[in-house]
Amino acid sequence: DGCGHTVLGPESGTLASINYPQTSPNSTVCEWEIRVKPGQRVQLKFGDFDIDDSDSCHSSYLRVHNGIGPTRTEIGKYCGFGFQMDGLITSKSNEVTVQFMSGTHTSGRGFLAAYSTTDKSDLITCLDNASHFSEPEFNKYCPAGCVIPFADISGTIPHGYRDSSSLCMAGVHAGVVSNTLGGQINVVISKGIPYYEGSLANNVTSKVGPLSTSLFTFKTSGCYGTLGMESGVIPDSQITASSILEWSDQTGQVNIWKPENARLKRVGPSWAAFISDEHQWLQIDLNKEKRITGIITTGSTLAEYYYYVSAYRILYSDDAQKWTVYREPGMDKDKIFQGNTELYQEVRNNFIPPIIARFFRINPLKWHQKIAMKVELLGCQFSIGRAPKITMPPPPQNKNDDKNDDFSDDFVHSVKTLLQTDKTTFTPEIKNTTVTPSVTKDVALAAVLVPVLVMVFTTLILILVCAWHWRNRKKKSEGAYDLPYWDRAGWWKGMKQFLPTKSAEHEETPVRYSSSEISHLRPREVPTMLQTESAEYAQPLVGGIVGTLHQRSTFKPEEGKEASYADLDPYNSPIQEVYHAYAEPLPITGPEYATPIIMDMSSHPSTPLGVPSISTFKAAGNQAPPLVGTYNKLLSRTDSTSSAQALYDTPKGQPGPGAADELVYQVPQSVAHSAGSKDE
């Protein structure tokens, strides 16, 4: 009568004295027999030890033995208040007996201990929490049976658990380890949060918690995603049920609680069975085998219909014909999952180990008023290797083997019969004669499409880069003096206003020379008569200023030759239109002759012939006076619109009355003429 909380698993477990952590009663005794697999040994670790030692362990004590039965041998006898045992107690065989004796005493909590096989070197107890460890990340082994009523946890996944929470109990709540099996946990410590939520999961209630300095979470395989009930990936045609609740209200409207309404968080009524008994079921076809790691359920979520399922079983199948009831490994009973305690709260249950199946059934066993629920499945794709199915463990080998075999067959047959009896009682059975196409993309298809899309986008980017580069090269290939083809003339006009105007230093004295004098000159001497200083480039002829021809030339000399404009006889050679790569023709759309610029030069002294002068003239009959070489064409673009009041004489040698043999250029009449100019 002295046994307290006890869970004895195949590889680990937890045991405590009666009434722990309160004072144990007087004159009580309890004895635990622990067995593990042959060939293994047992190790025992105490989480708390507080036994009265007033009589030197005579009437109150804890004794540990190797073996079970009359042949057992004692390992040790322990007592004391706040006794600390740092090490582990290890057996010599696979069997251990633990005996607790409580005599007459006034205080003492008793004890809580955990055991496991010796290969679990990092064993902890159900009382250990995150604050007991300083490492930011560590691995520990939790024993079975850590869902204890005297321990608290705060928080939930994925936000984390308060550092004061029991590590192993939080692991059960998170679905990382099983309460009946125990298991390994991988803990990560991080900074705390101001508020910890509470929830119900795996028969563990997590409470709301305040701010803490740190929290912990668990590293998992990551196979906890939703499988498509809420999102609609699973189509309505793949959700069926044993029966459907349907009725008409006072207004005559028909209310149908169809199985496709059993989607978590969907607004409106849930699925509800027509008759509430233990033979009803809700079935989900996943279209192919999946790894199912958990389930989330709620009630009807309608306040006026307070319906929910408080306990259920899980069945699974590959062909929807042969069904297997879910059981935990090593257990000979069906796993009964705790459902909802009210119609709104989401309750999660995890499957350890996971279920590998295509068809999934929920068989309600307990409910409130009517069977009604909404669900979501958790898990991931399954494509590596099929895990062995969890089947009913074989009965113990003894003389009643035949009877046990018959009982097992009868039990399985009865379960199948109960689940299939009501298929045609309330609604016709919905058979999956067609396979609904899967909404999710296949992994193989994605593996092909992703590289193809990457190549296409890369090719487009390369084409754009090449086009941009080609365009830049084309722009660079234009000459330094070239203009865009679309605005050559317009640009030339706009540049006139930025060119230098006439100044006093460029003024010239009148020049008079005859054609006979020019004919006696050598070809190389002609440029000397025309200009005193040469330049490789000159500004274009604008503004009607002929004098600029005496300053600069817009023609670049040919390679290997001296600058000359009279290599041939200027009067015998035909007039040729020469367009040099470095010269720009005058705009075709502009006026044929420039407007004359009249300047009063009477106050300026005469200059020698060698000094360039500015001469603006008007040609008679819209014809330019014949000049040397290719300048005939350029000088023909002079002003033809000036009036007779410009005070310029018509050049001699043009057709008209009194034409002379000599070609004489006259300056404006208002300017004083030097008599010695012609002689020079």
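This text walks through a few parts of the structure in the order of the chain. The model is predicted, so local features need pLDDT of at least 70 and side-chain atom pairs count only at pLDDT 80 or more, while totals for chains, interfaces and linings use all residues. Residues are numbered from 1 along each chain as its sequence is written, and side-chain values use heavy atoms, with hydrogens and water left out.

Start with P25, in the loop between strands β2 (12-17) and β3 (28-35). Helices (H or I, at least four residues) and strands (E, at least two) are DSSP runs, numbered from the N terminus. P25 is partly exposed, with a relative accessible area of 32%; buried means under 20%, exposed over 50%, and partly exposed in between (1.4 Å probe, protein chains only). Leaving aside neighbours within four places in sequence, P25 is in contact (heavy atoms within 4.5 Å) with I18, N19, S102 and H105. P25 and G108 are 83 residues apart in sequence, yet 9.4 Å apart in space, C-alpha to C-alpha.

Next comes helix α1, residues 167-174, where eight of eight residues are buried. Among them are L167, M169, V172 and H173. Just after α1, G175 takes a positive phi of about 80°.

Further along is strand β23, residues 308-317. Nine of its ten residues are buried, so β23 is largely enclosed by the rest of the structure. Two strands pair if DSSP finds at least two bridges between them. Nine bridges join β23 to β26 (residues 347-368), and these two strands run antiparallel; V309 stands opposite W367 of β26. Strand β25 (residues 337-338) is joined to β23 by two bridges, also antiparallel, with A311 and Q338 as bridge partners. Strand β24 (residues 324-325) is antiparallel to β23 and has two bridges to it, one partner pair being Y316 and T324. β23 and β24 form a hairpin with six residues between them, and A320 in the turn has a positive phi of about 65°.

The last stop is helix α3 (residues 443-476), which contains L449. L449 is partly exposed, with a relative accessible area of 40%. This residue belongs to a nonpolar surface patch of about 820 Å², whose members include L445, V448, V452 and V456. Patches are made of residues with over 30% relative accessible area and no salt bridge, and nonpolar side chains (Val, Leu, Ile, Met, Phe, Trp, Tyr) are joined within 5 Å. A salt bridge is a side-chain nitrogen of Lys or Arg within 4 Å of a carboxyl oxygen of Asp or Glu. An α-helix has 3.6 residues a turn, so residues three or four places apart point the same way.

Terms used. Patch = residues over 30% accessible without salt bridge, like charges linked within 9 Å, V, L, I, M, F, W, Y side chains within 5 Å. Areas by Shrake-Rupley, 256 points an atom, 1.4 Å probe, with all protein chains shown as cover.
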